[in-house]
Amino acid sequence: MEREIRIDAAPEVVFDVVSRPEHIKMWWADDASFKPVPGEVGELTWGDRSKVAPLTVVEVDPPRKFAFYWVAPDGQTPAADNALLATFELEASGDGTILRLTESGWRDKGWEPDVLEEAFHDHERGWDLFLPRLQRYAASVVTR
């Protein structure tokens, strides 16, 4: 899955918005706890911990790239062999940033085709909701 948006904020600002828990909870999860350091294991939570998504930070290259594994089987730490890889790539564009999100590893999950299709569409709908929030929030960080 791939998405691309333009954000009215410098790559340094957008990098912080996608890689720091205090910002992530302003546009995506209700709470986030991790350090943006490769190998760091943390989590994203929604609701009153009704949904908890463990994550493992993979790559931190400010202000160009932030990547993490997530969506692993229950009880397992997200890794290359059991999870999806979410990657935010940032590129300066005038006075703003082009953000490219890719989420890969879908076919490696071993899910039945109907489960895979439903999960993929669920993530498409989710990113289509949350990326515009990220776009607005990052622009608001600049004006503070």
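## Close-up views of a predicted model

**View 1. A lysine side chain meets the backbone.** The side chain of Lys109 comes within reach of the backbone oxygen of Val71, at 2.3 Å. Please keep in mind that this model is predicted. To find Lys109, look in the loop between β7 (96–104) and α3 (113–142). Which residues touch Lys109, once its neighbours within four places in sequence are left aside? They are Val71, Ala72, Pro73, Asn82, Ala83 and Leu84. Is Lys109 buried or exposed? Lys109 is buried, yet it has no salt bridge. The nearest side chain of opposite charge belongs to Asp74, 9.1 Å away. A salt bridge needs the nitrogen and the carboxyl oxygen to be within 4 Å.

**View 2. Seven strands form an open sheet.** Follow the strands across in the order β1-β7-β6-β5-β4-β3-β2, and you will find antiparallel pairing. At the edges stand β1 (2–7) and β2, each with a single partner strand, so one side of each has no neighbour in the sheet. On average, neighbouring strands of this sheet are turned by 20° against each other, direction ignored. In general, the strands of a sheet pair through backbone hydrogen bonds. How many bridges join β1 to β7? There are six, and the two strands run antiparallel.

**View 3. Two helices lie across strands.** Helix α1 (residues 11–19) lies across β1, β4 (51–61), β5 (65–70), β6 (84–93) and β7. Its direction is at about 165° to that of β6. Helix α3 lies across β1, β3, β5, β6 and β7, and runs at about 15° to β1.

View 4. Arg3 forms a salt bridge with Asp128, with the closest N and O atoms 2.7 Å apart. This pair links distant parts of the chain: Arg3 sits in strand β1 and Asp128 in helix α3, 125 residues apart. Arg3 is partly exposed, with a relative accessible area of 22%, and Asp128 is also partly exposed, at 44%. Glu124 joins in too, as Arg3, Glu124 and Asp128 are linked in a network of salt bridges.

**View 5. Two further salt bridges.** How many salt bridges does a search of the whole structure find? The total is 13. Among them is the one where the side chains of Glu59 and Lys65 meet, at 3.6 Å from N to O. Glu59 is partly exposed, at 31% relative accessible area, and Lys65 is partly exposed at 21%. The side chains of Asp122 and Arg125 meet in another, at 3.9 Å from N to O. Because Asp122 and Arg125 are three residues apart in helix α3, about one helical turn separates them. Asp122 counts as partly exposed at 43%, and so does Arg125 at 47%.

**View 6. A valine in a loop.** Val37 lies in the loop between β2 (31–33) and β3 (41–46). With 42% relative accessibility, Val37 counts as partly exposed. Leaving aside its neighbours within four places in sequence, Val37 is in contact with Val57 and Val60. Now look across to Tyr69: Val37 and Tyr69 are 32 residues apart in sequence, and their C-alpha atoms are 13 Å apart in space.

Methods: Residues numbered from 1 in each chain as written. Predicted model: local features only at pLDDT ≥ 70, side-chain atom pairs only at ≥ 80, totals over all residues. Heavy atoms only, no water. Helix = DSSP H or I, 4+ residues; strand = E, 2+ residues; numbered from the N terminus. Buried < 20%, exposed > 50% of the residue type's maximum accessible area, 1.4 Å probe, protein only. Contact = heavy atoms within 4.5 Å. Lys, Arg positive; Asp, Glu negative; His and termini not counted. Polar contact = N/O pair within 3.5 Å; in protein donor to acceptor, adjacent residues only side chain to side chain. Pairing = 2+ DSSP bridges. Axes fitted to C-alpha atoms, helices over the stretch in contact; angles between N-to-C directions.
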